[in-house]
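Subject: Structure for your review

Dear colleague,

Please find below the structure that I am handing over to you. My notes on what was found in it follow directly after.

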Amino acid sequence: MSRIGIVTDSHSSITQDEANRLGIKILPMPFYIGGECYYEGENITRSELMEKLINQEDITTSQPSPEEVMNFWDNALEEYENILYMPLSSGLSGAYSTALILAREEKYKDRVYVVDHGRISTPLHQSILDALEMIKKGISASEIKQRLEETKQRMAIFIAVDDLKYLKRGGRISAGTAMAGQILNIKPILSLDIGILELYKKCRGLQKAKKTMIEDIRNILLNEYAEELKNGDIHLLAASSADAETTKKWVQEIEQAFPGFDVMCDYLSFGVTCHTGPGALGIGFSCRQ
């Protein structure tokens, strides 16, 4: 039996193929389209989701049932002495709180460690890679949990949304704001701050939004993380719900703005994409943990 395993959910943006390569387990997140339940990465593809979003079908996000979570843990605990469970950020879903309650059951005590990492998508992906490195170094599950939670503020991600109607549909902006924004070609930039998705800035046009995000990430790094930059302890991150060609060009823009950096890019999870819609582009960073 291996010492420590990692269990996360599909909001980590880690594909099943990569999960198999890394030796981690992915709990698919459920959501509903027209009342029918779908699971990310199982019974619906990204292109099918995009089509349904564009057609304005009724889509709602959800979280796995306690039984689904416990069954997933039970299977993982057959392979590992301990597991780090890294679900969607507590600021965006009740999944963390539910898992914390379940982990208090006697059979999971001192075996399941639920991590409140404050992250989603590529930043969560990077935290999992950092956790795997700590496992290799022989660090205990409880200490890895502590380190991840203590450093959760040492990151940022901005996401530019291409079409305001998806934020309106999710109740994050009013219909009037959405209409005015469409007329004025307003592209909102959202920030992910300790797991809470908030409006950060408004820009006229997507090009301006992309330039603003790159400049603001650069300023944050230079002003607040100069020592980490000097020591090579910064991971540069990107995210997208756009098509493959647009995503590729976005990564190239980031690489040109930050020469010498490798950029890890993921597609936004289906749950996040339901709120941002197609065409969203994100940039962020994370400090090495």
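**Two loop residues with positive phi**

Asp110 is placed in the loop between α4 (95-102) and β7 (112-114). Please keep in mind throughout that the model is predicted. Phi of Asp110 is near 60°, a positive value in a residue other than glycine. This deserves a remark because most residues other than glycine have a negative phi. Is Asp110 buried or exposed? With a relative accessibility of 55%, Asp110 counts as exposed, because the cut-off for that class is over 50%.

Ser13 is also a residue other than glycine with a positive phi, here near 65°. Its place is the loop between β1 (2-9) and α1 (16-22). The relative accessible area of Ser13 is 10%, so this residue is buried, the limit being under 20%.

**The chain as a whole**

The chain contains 12 helices and 13 strands. It has 289 residues, and 53% of them count as buried. How much of the contact in the chain links residues 24 or more positions apart? Among contacts with a separation of 6 or more, such residues account for 74%.

**Helix α5**

Helix α5 covers residues 121-136. Why can α5 be described as largely enclosed by the rest of the structure? The reason is that 13 of its 16 residues are buried. After α5 comes Gly138, whose phi is positive, near 85°.

**The nonpolar cores**

The largest nonpolar core is made up of 25 residues. Those with the most contacts inside this core are Ile217, Trp250, Ile254, Phe258, Ile283 and Phe285. Two or more residues each are given to the core by β8 (155-160), α9 (206-224), β11 (234-240), α11 (244-257) and β13 (281-287). Helix α9 provides the largest share, 6 residues. There is also a second, separate core of 20 residues, which includes Ala19, Ile26, Ile135 and Leu148.

Neighbours within four places in sequence are left aside here, and the residues in contact with Phe285 then include Arg154, Met155, Ile217, Leu221, Tyr225 and Leu237.

Thr212 also belongs to helix α9. Its relative accessibility is 8%, so Thr212 counts as buried. Beyond its neighbours within four places in sequence, Thr212 is in contact with Ile189, Lys201 and Cys203.

**Gly279**

Where is Gly279 found? This glycine is in the loop between α12 (270-276) and β13. Gly279 counts as buried, because its relative accessibility is 18% and the limit is under 20%. Residues up to four places away in sequence not being counted, Gly279 touches Ala160, Asp162, Ser241 and Ala242. Gly279 and Thr246 are 33 residues apart in sequence, while their C-alpha atoms are 8.3 Å apart in space.

Rolling a probe the size of a water molecule over the atoms shows where empty space is left. The largest pocket holds about 430 Å³ of space. Its lining consists of 19 residues, and those nearest the centre of the pocket are Ile14, Thr15, Gln16, Glu40 and Gly41. Which strand gives the most to this lining? It is β12 (residues 263-267), with 3 residues. Sorted by class, the lining of the largest pocket has 8 nonpolar, 7 polar and 4 charged residues.

A search of the whole structure finds 1 cavity of 30 Å³ or more. The volume of the largest cavity is about 40 Å³. Gln63, Pro64, Ser65, Val69, Tyr85, Ala95, Thr98, Ala99 and Leu102 line this cavity. Helix α4 gives the most to its lining, with 4 residues. By class, the lining of the largest cavity has 6 nonpolar, 3 polar and no charged residues.

Yours sincerely

Definitions and conventions: Residues numbered from 1 in each chain as written. Predicted model: local features only at pLDDT ≥ 70, side-chain atom pairs only at ≥ 80, totals over all residues. Heavy atoms only, no water. Expected span 1.5 Å × (residues − 1). Buried < 20%, exposed > 50% of the residue type's maximum accessible area, 1.4 Å probe, protein only. Core = buried A, V, L, I, M, F, W, Y, C linked by side-chain atoms within 4.5 Å. Contact = heavy atoms within 4.5 Å. 1 Å grid on protein atoms, 1.4 Å probe; cavity = no way out; pocket = protein on both sides within 12 Å on 5 of 7 lines; lining within 4 Å. Points joined across faces, edges and corners; volume = space filled by probe spheres on them. Nonpolar A, V, L, I, M, F, W, Y, C, P; charged D, E, K, R; others polar.
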